[in-house]
Amino acid sequence: MNQPVKTKYYTYSGNTHDTARSTSKSGDNIESGLQMALQMRKQPKRCSGCGNPLAYKGLGVYECIICKEPVVTNYGKVRQVLDIQSTMTVPEICEQTGLTKAEIKELIDEGSIRVINGVVTV
């Protein structure tokens, strides 16, 4: 019989349907690891103007290390609007940020923002 193969999140014991959930060294479960991977995938890497690396400034805002051009992610746009007016609906946020409802729904699905009683919160 084959020996189990251990990865960061799963132990495979021959049958891929028979997997045991494990945790990483930091104690995070697989869902938070996948969440982190999803967010890392969406982070801008390079400045669209000069091509240099971006530095994270916080709350969805990045800045080019050379030309200092700011780059704001979809989360950053929503966060900036909610910092000004904390009670807004999805259509109001779409109007203020220029994002589509699908982009807002994606932020909700990944857990970046929440909708409680029709009002968006972070």
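**Exercise 1. A pair within α2**

Find how far apart Asp 83 and Arg 79 are in helix α2, in residues and in helical turns. Then say what joins their side chains.

*Solution.* Work on the predicted model.
- Step 1: both residues belong to helix α2, four residues apart.
- Step 2: that spacing puts about one helical turn between Asp 83 and Arg 79.
- Step 3: check the side chains. Asp 83 and Arg 79 meet in a salt bridge, at 3.3 Å from N to O.
- Step 4: apply the cut-off. A salt bridge needs the nitrogen within 4 Å of the carboxyl oxygen. The 3.3 Å of Asp 83 and Arg 79 qualifies.

**Exercise 2. The other salt bridges**

State how many salt bridges the structure holds. Then locate those of Lys 105 and Lys 57, and classify the partners as buried, partly exposed or exposed.

*Solution.* 
- Step 1: the total is three.
- Step 2: Lys 105 pairs with Asp 109, N to O 2.9 Å. These two lie four residues apart in helix α4, again about one helical turn.
- Step 3: Lys 57 bridges to Glu 63, with 3.7 Å between the closest N and O atoms.
- Step 4: set the limits. Under 20% relative accessible area is buried, over 50% is exposed, and between them is partly exposed.
- Step 5: Lys 105 has 49%, so it is partly exposed. Asp 109 has 54%, so it is exposed.
- Step 6: Lys 57 has 53% and counts as exposed. Glu 63 has 22% and is partly exposed.

**Exercise 3. The β4–β5 hairpin**

Describe how β4 and β5 pair. Which residue of the hairpin takes a positive phi?

*Solution.* 
- Step 1: β4 covers residues 54-58 and β5 covers residues 61-64.
- Step 2: the strands run antiparallel and share four bridges.
- Step 3: Gly 58 stands opposite Val 61 of β5.
- Step 4: two residues sit between the strands. Leu 59 has the positive phi, near 55°.

**Exercise 4. The largest nonpolar core**

*Solution.* 
- Step 1: the core has 12 residues, among them Val 78, Met 88, Ile 104 and Ile 113.
- Step 2: the helices are α2 (74-84), α3 (90-97) and α4 (101-109).
- Step 3: compare with the core list. Val 81, Leu 82, Ile 93 and Val 120 are core members.

Note on methods. Residues are numbered from 1 along each chain as its sequence is written. This is a predicted model: local features need pLDDT of at least 70, side-chain atom pairs count only at pLDDT 80 or more; totals for chains, interfaces and linings use all residues. Side-chain values use heavy atoms; hydrogens and water are left out. A nonpolar core is a set of buried Ala, Val, Leu, Ile, Met, Phe, Trp, Tyr and Cys residues joined through side-chain atoms within 4.5 Å. Buried means under 20% relative accessible area, exposed over 50%, partly exposed in between (1.4 Å probe, protein chains only). Two strands pair if DSSP finds at least two bridges between them.
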